[in-house]
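Subject: Structure handover

Hello,

Here is the structure I promised to pass on. Please open it first, then read my notes below.

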Amino acid sequence: MSILFEILKIKQFNPILILFYNETDDIKREVLDRLTRLGASILFSYNQTNKIEGLVPVLIQKYREDDKIDKKKAIKNLYIALDEQIELFANNVKSLLAEKNHSGRSGKVNSKATSILEFIEMYFNKTEMSLLKPARGKRKNASVEHILPQHFDFKKKYIKLSDLGFESESELKNYINRIGNLTLIAGNANSSMGNAVFEEKKAYYKMSNFVLTSTIVEPKTTEIKTGPDAKLCDMINQNEKQYGVKEKYWTKDLIDKRSHDIASLMYNILIKKI
């Protein structure tokens, strides 16, 4: 519910959720999970919420027609319909996400990129909402960190564009807000890192409470060898790789690689492959 309402900020599915108010917890979880993944699929394929508004009446009408005859079949058919819609939009996420420039009008990273990162962190990595969005009066919310800084001082660092694999300023500008150059970090850590090079940031990333960030540098570890926690740890390490562990600089090639890896991860999450 937190993901659907606080990260995705989708309320348009409420009429469907109300239909299952008196159903078992298992059915509620199944419906909510599918609606959450469908909402993410639609938003992250760069569609507007009017797509959801168009789908909801159709899904409700079909469910009610089936429910008059056989409730179990009605629920099963709804699951199938939701899965089909998720697959449709998730394919677009996979093809578009890696090369999308998430720059807003001001040139800063847009809210869609923030939602994508928070969705992965909470849905897949199982991070608590309190870390992403603390209660009012507590520490600052998580913020988006540019691994290669937005305003990198090449002269001060004695680095050329070509050292990072870029041919021009315009190419760098096109890459700076791609998903592979973005991660989550606590607000105070973001300001303290400033325009540091990747090598200098690694220690901060290792200490991060956000799995999406710490796994950039090293795999996730757990002292528990069996059970759900160990299984989650293994799944995270299979899907969130390390990048540039030995490299001093965060380059165009690393942004490309991580962008495509995140796009594949997101697709697999949405279709429930992992």
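Start with the contacts, where contact means heavy atoms within 4.5 Å. Among those in the protein chain between residues at least 6 apart in sequence, 74% join residues at least 24 apart.

Some ground rules. This is a predicted model, in which local features need pLDDT of at least 70 and side-chain atom pairs count only at pLDDT 80 or more, while totals for chains, interfaces and linings use all residues. Residues are numbered from 1 along each chain as its sequence is written, and side-chain values use heavy atoms, with hydrogens and water left out.

**The whole chain**

The protein chain has 14 helices and two strands. Both are DSSP runs numbered from the N terminus: helices are H or I with at least four residues, strands are E with at least two. The radius of gyration of the protein chain is 20 Å, close to the 19 Å that the globule rule gives for 274 residues, so the chain is as compact as a globular protein of that length. (That radius is taken over C-alpha atoms; the rule is 2.2 Å times the number of residues to the power 0.38.) Along the principal axes, the C-alpha atoms fill a box of roughly 70 × 45 × 35 Å. Buried residues make up 49% of the 274 residues. Buried means under 20% relative accessible area, exposed over 50%, and partly exposed in between, with a 1.4 Å probe and protein chains only.

**Helix 5 and its partners**

Take helix 4 (residues 50–67) and helix 5 (residues 71–96). Their axes are 8 Å apart, and they pack at an angle of about 155 degrees. That makes helix 4 roughly antiparallel to helix 5. Angles under 35 degrees count as roughly parallel, over 145 as roughly antiparallel, 65 to 115 as roughly perpendicular and the rest as oblique. Axes are lines fitted to C-alpha atoms, for helices over the stretch in contact, and angles run from 0 to 180 degrees between N-to-C directions.

Residues of helix 4 in this contact include Leu55, Leu59 and Tyr63; those of helix 5 include Ile75, Leu78 and Phe89. By class, the contact of helix 4 with helix 5 has nine nonpolar, two polar and five charged residues. Ala, Val, Leu, Ile, Met, Phe, Trp, Tyr, Cys and Pro count as nonpolar, Asp, Glu, Lys and Arg as charged, and the others, Gly among them, as polar.

Now helix 3 (residues 25–44). The axes of helix 3 and helix 5 come within 8 Å and cross at roughly 25 degrees. That makes helix 3 roughly parallel to helix 5. The contact of helix 3 with helix 5 has 13 nonpolar, two polar and four charged residues. Arg37 and Leu38 are among those from helix 3, Ile86 and Val93 among those from helix 5.

Asn92 also sits in helix 5. Asn92 is partly exposed, at 34% relative accessibility. Asn92 and Tyr46 are 46 residues apart in sequence and 8.7 Å apart in space, C-alpha to C-alpha.

**Helix 14**

Ile269 is in helix 14 (residues 252–270). Ile269 is buried, with a relative accessible area of 1%. Ile269 lies 232 residues from Arg37 in sequence, yet 8.1 Å from Arg37 in space, C-alpha to C-alpha. Beyond neighbours within four places in sequence, Ile269 has contacts including Arg37, Phe119 and Tyr123.

Lys252 lies in helix 14 too. Lys252 counts as buried, at 16% relative accessibility. Not counting residues up to four places away in sequence, Lys252 touches Leu164, Gly165, Phe166, Glu171 and Tyr175.

Best wishes
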